[in-house]
Amino acid sequence: MEIIKRGAEAEIYRTEWRGRPVVIKRRVRKGYRIRELDDRIRKQRTKKEALLMMAARQAGVHVPVIYDVNLKNHEIVMQFVEGERVKDVMDEKDEEWQKRVCREIGAGVALLHGSGIVHGDITTSNMIVWQGHVHFIDFGLGTKGGDAEDMGVDLHLLMEAFKAAHRNPHLFRWVMEAYETHFEGATEVKKKVEEIACRGRYMKGEI
Amino acid sequence: MISLGIEGTAHTIGIGIVERDRENCTILANCSRMYRPEKGGIHPREAANHHAHHLPSLLRQAMDESGVPIEDIDLISFSIGPGLGPCLRTAATAARTLSLLLKKPLVGVNHCIAHLEIGRVMTGCTDPVLLYVSGGNTQVIAFMEGKYRVFGETLDIGIGNCLDKFGRAIGLSFPAGPEIEKLAKEGKHYCSLPYSVKGMDVAFSGILTACLHLMKKERMEDICYSLQETCFCMLAEVAERAMAHTEKEEILLGGGVACNRRLRDIVTTMAEERGAKCFSPPDELLVDNGAMIAWTGILMHESGITTELAETKVKQNYRTDEVDVPWR
């Protein structure tokens, strides 16, 4: 097995599973966490992530197909999505590409929220463009059955990620335009985003 | 260049005198007084009165300690924000007076960035992610595209505030962090608490409430232990996320809560496990202090920044990412 990424909490291996190209996401033990906390967090997140990814797929969002889950080793075996990470390529692409991808991100998040799925770590590092579509990965911090507040936190994080990592200031607006057309509850969530932005230390209310 | 820095954002009034010689920072003096409320949390007006009362003797002490003749000071730096209004205004008034009296330029410094800059120069790390943990502030900051950006922060109260509030409930005096650290060392049993990481943000108020509920049925030592483990692991996790996200390999600690050894151990282990390094300046530079303001003032001034007298109005809500950073 070849390790292709060492993330903050998991290692991603590239391998084959019954003849299919897959990645295995293994949540590693964190030496800084006491045992009780570490076991609880790893098991909970592995289980929840697998369930959320399946729910997201049912909602029509592009996510890798899950082949297997192993709770003892904190592993998920999933389809290998071989594309470009949105974070890496966004700033190099022309505005037309950016607009298209941002709209697809907005539509994708709308579908997730429309079926009560909150991603929980929705940054451009967790989106891969493959076969012309934005695939969402890393649902490890997600929740199901989230309310407008949770969805607002979700979008607020995305907004912050755009501000922090990408140059074009219009990106998030394009995301929101698509989000609003694809999700009925968008108006309420949008209000929450503004509210949450003001809640951050020392914000003056503009977003 | 020699800079005199005045820190006065919250409970501490501090004066530091710092000299820059090329890339080296020499701290000639760094003294402070801390306001300790008799009961409850910080009362802003009481804190400001405390600062005003102590400033003259503190200034004399700093001058004596440094051995620098007052006319050799080239620059007056002060904490312009963020912080408690009355405290900030007291420090700013002192800075303006000194500037007019000595006819030296003024520089208003962002308190959060000062924590980062003093850590950077004293520990020798170059491009770190800063985990800034104090009473009021809990932020994960890193340099990107010309600014210090906040990648994660608390969505409700600061970690120090969380510890203090719990401490107050169990009868500890302010600041409660060191006492909680002592109690936690005797803790053995982990009581399950909410674990509240949202992306790169954290929230502490729910954990605080859960701890208050546990008081009836669990040992105090065990609650302190569980509180520390949970909160500090959350902080290490968001710091690690920010490191992964920004692809930086240094983590720097700042703020008074970073004096906690358990937090330092946790963050050090986190860094080691990912092949990164953890840096932490000495305790007296982790807590609020004048030297960090003085040093950041030099960095700013030497890159062409001066705060004109008319622009020295304090900024209680001064955001970390509002500051242009031409010195990097």
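Chain B and chain A bury about 3200 Å² between them, with 50% of that area on carbon and sulfur atoms, where buried area is the accessible area (1.4 Å probe) that two parts lose on being put together, summed over both. The model is a predicted one, in which local features need pLDDT of at least 70 and side-chain atom pairs count only at pLDDT 80 or more, while totals for chains, interfaces and linings use all residues. Residues are numbered from 1 along each chain as its sequence is written, chains are lettered from A and ligands numbered from 1 in the order in which they are written, and side-chain values use heavy atoms, with hydrogens and water left out.

**Interface of chain B and chain A**

- The contact (heavy atoms within 4.5 Å) takes 44 residues from chain B and 34 residues from chain A.
- Across this interface the rule finds 6 salt bridges, a salt bridge being a side-chain nitrogen of Lys or Arg within 4 Å of a carboxyl oxygen of Asp or Glu; one of the salt bridges in the model joins the side chains of Arg241(B) and Glu9(A) at 3.5 Å, N to O.
- On the side of chain B that touches chain A, at least two residues each come from strand 8 (147–153), strand 9 (197–198), helix 7 (220–246) and helix 8 (261–273) of chain B, these elements being DSSP runs numbered from the N terminus (helices H or I, at least four residues; strands E, at least two).
- Helix 7 of chain B gives the largest share of that side, 10 residues.
- By class, the side of chain B that touches chain A holds 19 nonpolar, 10 polar and 15 charged residues, with Ala, Val, Leu, Ile, Met, Phe, Trp, Tyr, Cys and Pro counted as nonpolar, Asp, Glu, Lys and Arg as charged, and the others, Gly among them, as polar.

**Domains of chain B**

- Chain B is divided into domain 1 (2–116 + 287–322) and domain 2 (127–284), with bounds that come from an automatic or database domain assignment, and the C-alpha centres of the two domains lie 26 Å apart.
- The contact between them takes 20 residues from domain 1 of chain B and 19 residues from domain 2 of chain B, and the buried area is about 1600 Å², of which carbon and sulfur atoms give 63%.
- The count between these domains is 1 salt bridge.
- The side chains of Glu153(B) and Arg319(B) meet in a salt bridge at 3.5 Å, N to O.

**Domains of chain A**

- The assignment for chain A gives domain 1 (2–79) and domain 2 (84–199), whose centres, taken over C-alpha atoms, are separated by 22 Å.
- In chain A, domain 1 and domain 2 bury about 1400 Å² between them, 69% of it from carbon and sulfur atoms; Leu52(A), Val61(A) and His62(A) supply 39% of the area that domain 1 buries against domain 2, more than any other three residues.
- Between domain 1 and domain 2 of chain A the count is 1 salt bridge, and Lys25(A) forms a salt bridge with Asp138(A), the closest N and O atoms being 2.8 Å apart.
- Strand 3 (20–27) and helix 1 (35–58) of chain A are the elements that give two or more residues to the side of domain 1 that touches domain 2, and helix 1 of chain A gives the largest share, 7 residues.
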